[in-house]
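Hi there,

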Amino acid sequence: MVARLPDTEETLLLVDENDEVLGPAPKLETHRSGQLHRAFSVFLFDEMGDTLIQRRADVKYHSRGKWANSCCGHPRPGEAIDVAATRRVMEELGLEVELNYGFTSRYCAELDNGMIENEFVHLLFGRVTKTPAPHPDEVSEYAFVSMGDLRSQIAASAEPYAVWLVHYVTHHFDELNEMAKRIQIGHATTS
């Protein structure tokens with residue numbers, strides 16, 4: 001199993017609205033204060049074009065038990081976004097994957113436990129070719145679902161889903177669906 005840093009030891013990168021780095025800050029403090037920081041989200045797809053979603057473990061400090069996209073996280077100071085995303089996919093899902101950059105998104109939302117997500121997010125995409133081996137402190141279960149079914153499920157009730165996944169599906173459905181098709185046919189790069 002991959003060694004992970006506890007949340008209390010993680011450091012994030014504070015950024016401005018142009019994603020320019022302002023400096024480092026402790027992870028929990030950043031989420032309590034709602035400062036804008038850099039993040040990434042990964043969507044992994046299988047050969048059918050379905051995306052892997054994960055239910056966050058009950059030990060997570062926010063959004064526990066909520067369904068989220070394949071993997072999310074934050075690059076550490078001095079760590080490239082693609083390297084950070086590859087690291088987190090291994091830490092959370094036990095998978096080695098090749099990731100392709102897609103696009104950025106910006107959202108801010110209040111979470112449970114007094115936390116605030118205020119993120120400038122880089123979205124990356126990849127293909128799942130092996131069975132995930134999730135870390136139990138990160139993921140309690142996973143499933144594969146089509147983008148259309150995911151959108152319908154969220155429209156019916158957003159409650160079971162993490163706010164960031166609701167944001168991506170609501171505001172970036174066409175881009176996500178296009179990436180699913182590209183991954184399915186083996187052309188993961190964006191034009």
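Let me start with glutamate 119, which counts as buried at 5% relative accessibility. Please keep in mind throughout that this is a predicted model. Glutamate 119 sits in strand 8. What does glutamate 119 touch, once residues up to four places away in sequence are not counted? The list is His31, Leu36, His37, Ala39, His74, Ser105, Arg106 and Tyr107. Valine 89, for reference, is 30 residues from glutamate 119 in sequence, and their C-alpha atoms are 19 Å apart in space.

Three of those neighbours turn up again around histidine 167: Ser105, Arg106 and Tyr107 are in contact with this histidine, as is His172, leaving aside neighbours within four places in sequence. Histidine 167 belongs to helix 4, and its relative accessibility of 14% makes it buried.

Now to the strands. Strand 8 pairs with strand 3 in the parallel sense, over nine bridges. Within that pairing, leucine 124 of strand 8 stands opposite valine 42. Strand 3 also pairs with strand 6 (residues 71–73), here in the antiparallel sense and over three bridges. Cysteine 72 in strand 6 is the bridge partner of serine 41.

Is strand 3 buried on one face or on both faces? Both are covered: one side carries His37, Ala39, Ser41, Phe43 and Phe45, the other Arg38, Phe40, Val42 and Leu44, and all of them are buried. With nine of its nine residues buried, strand 3 is therefore largely enclosed by the rest of the structure.

Strands 1 and 2 make a hairpin with five residues between them. Strand 1 (residues 11–15) and strand 2 (residues 21–26) run antiparallel and are joined by five bridges; leucine 12 faces alanine 25 of strand 2 across the pairing.

Two backbone angles may interest you. Most residues other than glycine have a negative phi. Aspartate 19, in the loop between strand 1 and strand 2, has a positive phi near 65 degrees. Aspartate 19 is also buried, at a relative accessible area of 11%. Serine 63 likewise has a positive phi, near 55 degrees. Its place is the loop between strand 4 (51–56) and strand 5, and serine 63 counts as buried with 5% relative accessibility.

On to the interior. Nonpolar side chains tend to be buried together in soluble globular proteins. Here the largest nonpolar core has 29 residues, and the members that touch the most others are Phe125, Leu150 and Leu176. At least two residues each come from strand 3 (37–45), strand 5 (67–68), strand 7 (99–110), strand 8 (116–127), helix 3 (147–156), helix 4 (163–171) and helix 5 (173–185). There is also a second, separate core of 16 residues, with Val42, Cys71, Leu99 and Val139 among them.

Which residues surround leucine 150, leaving aside its neighbours within four places in sequence? Leucine 150 is in contact with Thr51, Ile53, Val145, Tyr161, Leu165 and Val169.

Finally, the helices. Helix 3 and helix 5 pack at an angle of about 150 degrees, and their axes are 10 Å apart. Angles over 145 degrees count as roughly antiparallel, so that is how helix 3 and helix 5 are arranged. In this contact Met147, Gly148 and Arg151 of helix 3 meet Phe173, Leu176, Asn177 and Ala180 of helix 5. By type, the residues involved are four nonpolar, two polar and one charged.

Helix 5 packs against helix 4 as well, at about 90 degrees and with the axes 5 Å apart. Helix 4 and helix 5 are therefore roughly perpendicular to each other. Helix 4 contributes Tyr168, Val169 and His171 to the contact, and helix 5 contributes Phe173, Glu175 and Leu176. These residues divide into four nonpolar, one polar and one charged.

Best wishes

Terms used
Residues are numbered from 1 along each chain as its sequence is written. This is a predicted model: local features need pLDDT of at least 70, side-chain atom pairs count only at pLDDT 80 or more; totals for chains, interfaces and linings use all residues. Side-chain values use heavy atoms; hydrogens and water are left out. A nonpolar core is a set of buried Ala, Val, Leu, Ile, Met, Phe, Trp, Tyr and Cys residues joined through side-chain atoms within 4.5 Å. Buried means under 20% relative accessible area, exposed over 50%, partly exposed in between (1.4 Å probe, protein chains only). Helices (H or I, at least four residues) and strands (E, at least two) are DSSP runs, numbered from the N terminus. Contact means heavy atoms within 4.5 Å. Two strands pair if DSSP finds at least two bridges between them. Axes are lines fitted to C-alpha atoms, for helices over the stretch in contact, and angles run from 0 to 180 degrees between N-to-C directions. Angles under 35 degrees count as roughly parallel, over 145 as roughly antiparallel, 65 to 115 as roughly perpendicular and the rest as oblique. Ala, Val, Leu, Ile, Met, Phe, Trp, Tyr, Cys and Pro count as nonpolar, Asp, Glu, Lys and Arg as charged, and the others, Gly among them, as polar.
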